[in-house]
Amino acid sequence: MKIITSIVVAALAWCCTADAAQTPISHQETLRGSITPERAWWDLRHYHLSVNVDPAKKTINGTNVMKYVVLSESKRLQVELQAPMILDKVTQDGQTLVVEQDGYSYFIKLTKPHIIGREYQLTMHFGGAPQVAKNPPWDGGITWQEDSNGLPFIASSNQGNGASIWWPNKDHPYDEPNDGALISVEVPEHLTDVSNGRLIGVDKHPKRHTKTFHWQVINPINNYGISLNIGDYVHFGEQYQGESGLLDMDYYVLRDNLAKAKVQFKDAKRTIQAFEHWFGPYPFYEDSFKLIEVPYLGMEHQSSVTYGNGYKNGYKGRDLSQTGWGLKFDFIIVHESGHEWFANNITDKDVADMWIHESFTNYSEGLFLEYHYSKAAGSEYIRGMRAGISNKTPIIGTYDANRSGSGDMYNKGGNMLHTIRQIVDNDSLWRDILRGLNRDFRHQVVTTEQIEGYISKKSNKDLSSVFDQYLRDHRLPMLEYFVKDKVIKVRWSNAIDSFAMPIKVTIDGIARWITPTTGWQTIKNDITNPSFSVNKDFYVASLNILGQ
Ligand SMILES: [Zn+2]
């Protein structure tokens, strides 16, 4: 998802301010954010989420049949479901199991013997009136609205809050259901539900005046991506001849918006085209690609990207980069679809590493422009986004506590990647690295260390101090310099002690590389008073300390 202003950042339930980062980690945060013994012993394989949605009562009731494989000696099994939703009962082979509640974590006591390596399943029965989204998608839950014809228009959004805000699941990003999910949603018969993956069947229930839509995802899916979207939808679609064959692209929009959508959604194909070039094949051909209109801004729900940007270019009609380039595309289509590669294909193992989702996707907006317009357009856009950087708290959050880092994971993270591209100084190698990440970590959860190590190894450059500076420290490094009597001296300040990033500078009109450290370093020079400037594509500050 995308955040833009400090006001919005402040409203983020999951985004750390300096104060929040120092708040002691609560018991509930540890249960939610760490790989507890009650999670570690089993590997999630599949969800069959089956719910009835009642727009009049604003309730959701149903079951989640969860399959899992035993990895080690079985213990109690932990799942989450947030109040006011109620976990009514849990059954296995017809037996009702004892469940202990601790906040919104539930510990299920298993009775049948569990053999290591074997697959089991249990059924969670649940229901209630889930939290109504206060400020979706940032402070999410369920949005219950009506369209302009007075018909229900309903959607889930829960990235920060967690999927357990409306259905019971293993609410931690490290474990995705390897075999995907089946999502069955029963709605009033005049409405349509669109969830993730492909529609494999619709059951009619004439007596209840309802229909059940069955959506199947066969790839691993992050649980915050699983969504329901209900409305008076109309459908149109197209196919794209992409790197892995024919990609089905389907669009679901409110009846009255069909004409507008047919124009605006042309950006979907342009997006897939640009990102297949930069990142490799769309990661979920089997599950198709969809854009679905929703009553909030948008979200990267896997294989069913949700859209609420008002059929306008830019971010609700605005250019976040203030360069003009941001109005060349629909921000939500490009940004949220970019997440299919970074967030859905490659997922963070801990939300502290959410920069892996947002920094690359922020950066992808510039790559979209580069592909369709020019390299200069992409660079200008990325530099323009610097105005939205705070440099107050680190990008990486707190591990094992369900705490993501600062909102700088967007614009600063994107600029860090743009800076690293300058250091790599080889565009085809840089593209190979971006494609390689998506190939070698395909459908996996990863850590920051894995991404850092991969980029350093493939570029054959030790980027560790660069990542440490931009991800683990909040400061913007400053290149201090002065020129005196045929000598130029440079050093990094406002940086970690080990910071030694190479940078391209221009001395008297000639571009050259230097590798300053945090100690003064002399650059040989033959001219008495040469001009000195720093390449603008590096996100750093610079200062002539003599004020010349
Ligand atoms: Zn995003």
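Helices here are DSSP runs of H or I with at least four residues, strands are runs of E with at least two, and both are numbered from the N terminus. This is a predicted model, where local features need pLDDT of at least 70, side-chain atom pairs count only at pLDDT 80 or more, and totals for chains, interfaces and linings use all residues. Residues are numbered from 1 along each chain as its sequence is written, and side-chain values use heavy atoms, with hydrogens and water left out.

I start with helix H11, residues 427-440. Its 14 residues reach 19 Å from first C-alpha to last, close to the 20 Å expected at 1.5 Å a residue; the expected span is 1.5 Å times one less than the number of residues. Which residues of H11 are buried? They are Trp 430, Ile 433, Leu 434, Gly 436, Leu 437 and Asn 438. Buried means under 20% relative accessible area, with a 1.4 Å probe and protein chains only. What covers them includes helices H6, H8, H10 and H12 and strand S21.

Next, aromatic rings. Rings of Phe, Tyr and Trp (its six-membered ring) pair if their centres lie within 6.5 Å; planes under 30 degrees apart count as stacked, over 60 as edge-to-face and the rest as tilted. That rule gives 36 aromatic pairs. In one of them, Phe 275 and Trp 341 have ring centres 5.8 Å apart and planes at 80°, so the pair is edge-to-face. Phe 275 lies in helix H6 and Trp 341 in the loop between helix H7 and S21, so the pair ties together parts 66 residues apart in sequence. Both residues, Phe 275 and Trp 341, are buried.

Notes
Buried means under 20% relative accessible area, exposed over 50%, partly exposed in between (1.4 Å probe, protein chains only). Contact means heavy atoms within 4.5 Å.
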